[in-house]
Amino acid sequence: MVLSETENGRSGGEEETDAIVKTCVLSGFSESSEVTTLISSLVEVHEDQRVREIVMQRFSVIMNGYQEQPHLLDPHLERMMKMLLDLVRSENSPPSLVHLSFKCLYIICKVRGYKTFMQLFPHEVADVQPVLELMSRQDPEDLQTWETRYMLLLWLSMTCLIPFDLSRLDGHLESDGGKPRESTIVFAYFEKFMTRPDVKQKCLADFLDWSLTTVSQTDDHSVRDIMALDGVLQSLAKLFKHGKRDDLLQYAPTVLQCLEQKRLSESSEAKPRKLAVKLIQRLGLTFLKPRLASWRYQRGSRSLAANLSMSQPVSDTAPVSEPDTREQDDYDIPEEVETVIETLLVGLKDKETNVRWSAAKGIGRVTGRLPKELADEVVGSVLECFSFQEMDNAWHGGCLALAELGRRGLLLPSRLTDVVPLIIKSLTYEEKRGACSVGSNVRDAACYVCWSFARAYEPKELTPFVTQIASALLITTLFDRNINCRRAASAAFQENVGRQGTFPHGIDILTAADYFAVGNLSNCYLTISVYVAGFPEYTKSMIEHLITMKINHWDGVIRELASEALHNLTPQAPDYMATQVLPQLLTMATGPDLHGRHGAIMACGEVTHALYEVVEELQGKVTKRKIYHHNKEKEFIYLFFPVCSLIGKLSLSKMPFKNDPIISAWQWLIDDTIHNLHLFSSGVKGGIIAAVVSALSALCEEYYQDQTGQADPQMQDALVSQYIGGLKSPQTLTRSGSALALSCLPTFMIRGKFKQIFDGLRQMCSVSQMEGNFTEARRDAVRAITLVCVKAGVCAHGRPDSTLCSNNIADVYGVLLSCLNDYTTDSRGDVGAWVREAAVTALMELTMLVARDAPEILSPDLVKPMMCCLAQQMAEKIDRYRAHAGNAFLHLLHSTKPAVPHIPHREELLIILPVETLTSLNWNAPSQAFKYIAQLLGLPEYRYHTLLGLSVSVGGLTESTGHFSSQALFDFLRGIQRDEAALEQFGETLLRIFRDSLHSSRVSTPLLKTLSQMLANSCFEIFATQEDHHFGLDLLNLCKECRKSKDVVKLRACIDAFCGLIQFQGEVRKKVWSQLLMLLCHQFPVIRKATSSEVYEMLLTYDDAVCPEVLDDVMTLLSDTNWESDLATVRAHRNQLCDWLGVPRPRPVAKGTS
């Protein structure tokens, strides 16, 4: 076995996301010796269950490794079988060893395949009796030994082929009353036994009687009866398939009559229906003499040598030969054949695919033995399946039957004029059922028909139908919703191109629309279709199909793709689109069908825009139609998206509607939608806002600008004032829509209104952030600020009401930096992260814009807080937002064109984060990100914000983030642990963060957890050894403030911090004991219990915190006391601890006193 390994992942050695992909190529059965050892060990291990399971598991693993290349086992199969059969044949082998051997045989058989493996079984005369005896000793009810019975049946199927009368081997065969052994007729290979000459004479009649009795007496509602019926029908089908006609003909009418009386076609189970069809077609073949119909259509010869030796081309041969009168008179058609054919025709309409497929094959087989006139009647009956009164099942069965008839040469060319139009309809067959449709199986089967016709007929026979078939196949290849149908049509088209050679531009089209290319639906509609439409033979048929079948399709995605495809196809036939297609679309746009209206409106916009792109002015009269607002939300939503698309496309097409009342109607529709966004269901709000913004942008760009390029003052004032007013709406979505509407205004609409727009957006951000609501609106406002600034441009000495300049840049950055501190939470979680993400994007884009156009207005007072805040964001706990901030930080740091000025510690940052990290560093992986982030703690300007972000990550709930962030933090602290000055600076920063965040649970709780981990890892050991070091005292005072909280999680973290502070000497230790003893009498029982546990563990670690004389007493009292009992009891034990520890007893403070 040869293994080749390739790494699949990002460059840079990502520890968490990299995957190793192993490809295995087997060169031989390398485990042959091991398998031999395992087989040999079966004798020793078969009694020990544990060892037996280990051996079988290993044997199975080895064999399963050769599932893809089982032929490698062939040289070793005979040897392995001999070893195992020796164990089976041995008289000393107990039953457990025999079953284990057969289990190994089954595993080998499963891998190699039974057809190959069974041929290796010994099948001498001497093998018959031992195998029969083994089989007779088996218990059919034993589910643990089914592999044994399976392999014995395979062995029997070989031994029953010996050419000797079984009565010579088994003297009891006749004494059983002609009843065959059950062991030889169970399941598969029954026909090999029953069709033996000796068994047939004595047992066939009795077996058929028993079988028909079983069929008659079974009940469809009993599972056991259904299984029995299944076995009997399979046995009969095999018997009539492999038995001699002369032996079985006398029984066929009786069997057919029994099946008719049983009415299996009405059974609720699919398996009996299929087997009944299978058996009935075999009965039909038994009634008819085996013959090769002389009237069938023949293309060439079945012999390759004969084809190659023919002097004339195959296409010159006479395809149809007329039978002589003697041959026609030789047909003897029993009456039962009519019943057989009728049953098969009914089977073509069955609801199960496998039943229809079996019936179709039966139709082909039986028709091949009928005279020409009767065969033509069968073809006519099959064509009746293609009535629109029939369901999709009948259409599918009819297609399968036609394919079988064509493949066998039984569908004569004279019938093609009737068949081809039905196949063309089948290629686009689709019937809506509820919220979806049926018919993909019909279309797939129709492709199979076209594929079989390509192989069955000479090119001259199909020449009259080439255009129809080629167009229909291409339409299915390009526009079918189902990928299987597209690929089936592509394969059928390829078969016709190769075998017929008459499809126009076949090779060129196949190059673009091959099996893999048609797998992508968008690629088919928008790219390949344009190439195919370049061939005029297919252009109009493709457009007509899109108009008639796809614009009104039930699937909205198909309607959208169809309208975009019409846009792309318009340049191929602009006149046809303008004169024929547009009038149809306008009629459909006001029709009763909701789907049709939706698709037609979108298509109108796409086609109109495409016509504008073809010529500067649209020739002809375009009817303007209003689409009125519907009261029903569903209808409005269906129509709203195409209406917005229509507004946008007509605006882009520069339609001459300026100062037309239609513009006011469009503007009213947009404004009314923004005002009432909250009335729509949540699933469509995002799409509605996007559609509104797109339409408004195109509308303003085309119709609110005068010839000089200036904005219409009246519309400019009205729109800006209206949308700024919308920023104060009580509805979040109205605020969002208004903010995005302001952001999409063109540059000429913003000019002169920049300050007014910015002030409105800033006020909404600041007020809503303080109130803690309208989070989505703040996010969209931040995005709007970015887009407005980009459109207004940057000019260092520009006017504040028209551009971003030195007078207003500080205000813009101030708003964005304040948004980086938005940590709003609600039932959805940290929703403020949406605002922070938008602010990070805004700061990066605006900084790059200003650095490019006016770098002189980027002062250090703007750049420093921006970089520090980005450092904090990229140190926090949520992977997605950490990655976003980290990438922005790297982009600003390494940007050279333009370079961002005044970045603090630029040189040190370039060493910590070299340019390679732009592509190699995966910020989403905590294992990679935090080892870089922690190094920023060594840079004074970034220390505060980096430590603030790291504290939240280290003390957070996510295990992987907490692990890797704490590891990086402690690695940094170990590097400065002996540097008192550096540690002093770090401690001061930590205390500063603690003071600033004392009343913010978002920071203070994880910070306490981080502090506990630092103390537990002795990070401040250099301070702890000093008497009354100020760091310990300051930290203790801050923790005392947290002790007043009512938050249980915060109190638990505070307890851990107190226990860590016990390592400090002097006055700190005494005060820590005082705080811990007060917590032992906390009003919350869970806090009292947690305190006692933590103090007990603390004393195990810091045994010097208590005098050795009382240490045992203190620990005993802590462990034995029920600290969750009433306060009076607990207080007495707590006071005892105070006395032992020499700490003054706390005095209860009455409520209302200070």
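Trainee: Which residues make the nonpolar surface patch of about 280 Å²?

Mentor: Tyr114, Trp146 and Tyr150 make that patch. Patches consist of residues with over 30% relative accessible area and no salt bridge, where like charges are joined within 9 Å and nonpolar side chains (Val, Leu, Ile, Met, Phe, Trp, Tyr) within 5 Å. Accessible areas come from the Shrake-Rupley method with a 1.4 Å probe, and for residues only the protein chains shown count as cover. Please keep in mind that this is a predicted model, in which local features need pLDDT of at least 70 and side-chain atom pairs count only at pLDDT 80 or more, while totals for chains, interfaces and linings use all residues. Residues are numbered from 1 along each chain as its sequence is written, and side-chain values use heavy atoms, with hydrogens and water left out.

Trainee: Where is Trp146, then?

Mentor: Trp146 is in helix 8, which covers residues 146-159. Helices (H or I, at least four residues) and strands (E, at least two) are DSSP runs, numbered from the N terminus.

Trainee: Is Trp146 buried, partly exposed or exposed?

Mentor: Trp146 counts as partly exposed because its relative accessibility is 37%. Buried means under 20% relative accessible area, exposed means over 50%, and partly exposed lies in between (1.4 Å probe, protein chains only).

Trainee: What about charged patches? Which residues gather in the positive one?

Mentor: Lys115, Lys238, Lys241 and Lys278 gather in a surface patch of positive charge. Lys and Arg count as positive, Asp and Glu as negative, and His and the chain ends are not counted. The place of a charge is taken as NZ of Lys, CZ of Arg, CG of Asp or CD of Glu. Lys278 sits in helix 14 (residues 270-287) and is partly exposed, at 34% relative accessible area.

Trainee: And which residues form the negative patch?

Mentor: The negative surface patch is formed by Glu260, Glu335, Glu338 and Glu342. Glu335 lies in the loop between helix 16 (325-329) and helix 17 (336-347). With a relative accessible area of 72%, Glu335 is exposed.

Trainee: Changing topic: how many salt bridges are found in the whole structure?

Mentor: A search of the whole structure finds 37 salt bridges. A salt bridge is a side-chain nitrogen of Lys or Arg within 4 Å of a carboxyl oxygen of Asp or Glu.

Trainee: Why do such side chains pair?

Mentor: Side chains of opposite charge can pair when their charged atoms come close.

Trainee: Which residue forms a salt bridge with Lys349?

Mentor: Glu390 does, and the closest N and O atoms are 3.1 Å apart. This pair links distant parts of the chain, 41 residues apart: Glu390 is in the loop between helix 19 (372-383) and helix 20 (392-407), and Lys349 is in the loop between helix 17 and helix 18 (353-367). Glu390 counts as partly exposed at 23% relative accessibility, and Lys349 counts as partly exposed at 37%.

Trainee: What separates Glu404 and Arg407 in helix 20?

Mentor: They are separated by about one helical turn, because they are 3 residues apart in helix 20. Glu404 is buried, at 1% relative accessible area, whereas Arg407 is partly exposed, at 45%.

Trainee: Which residues are linked in a network of salt bridges?

Mentor: Lys755, Asp759, Arg762 and Asp811 are linked in that network.

Trainee: Now the backbone. Which residues does a cis peptide bond join?

Mentor: A cis peptide bond joins Lys897 and Pro898, with omega about 5 degrees. Pro898 lies in the loop between helix 43 (879-894) and helix 44 (906-912).

Trainee: What is the phi of Arg263?

Mentor: Arg263 has a positive phi of about 50 degrees, although it is not a glycine. Most residues other than glycine have a negative phi, and most peptide bonds are trans. Arg263 lies in the loop between helix 13 (252-262) and helix 14, and at 52% relative accessibility it counts as exposed.

Trainee: Lastly, which residues does UniProt list for "repeat: HEAT"?

Mentor: UniProt lists residues 340-377, in an unreviewed entry. UniProt positions are given in the numbering used here, feature names are shortened, and annotations may be inferred rather than shown by experiment. In the model, the span 340-377 is 76% helix and 0% strand, and its end C-alpha atoms lie 14 Å apart.
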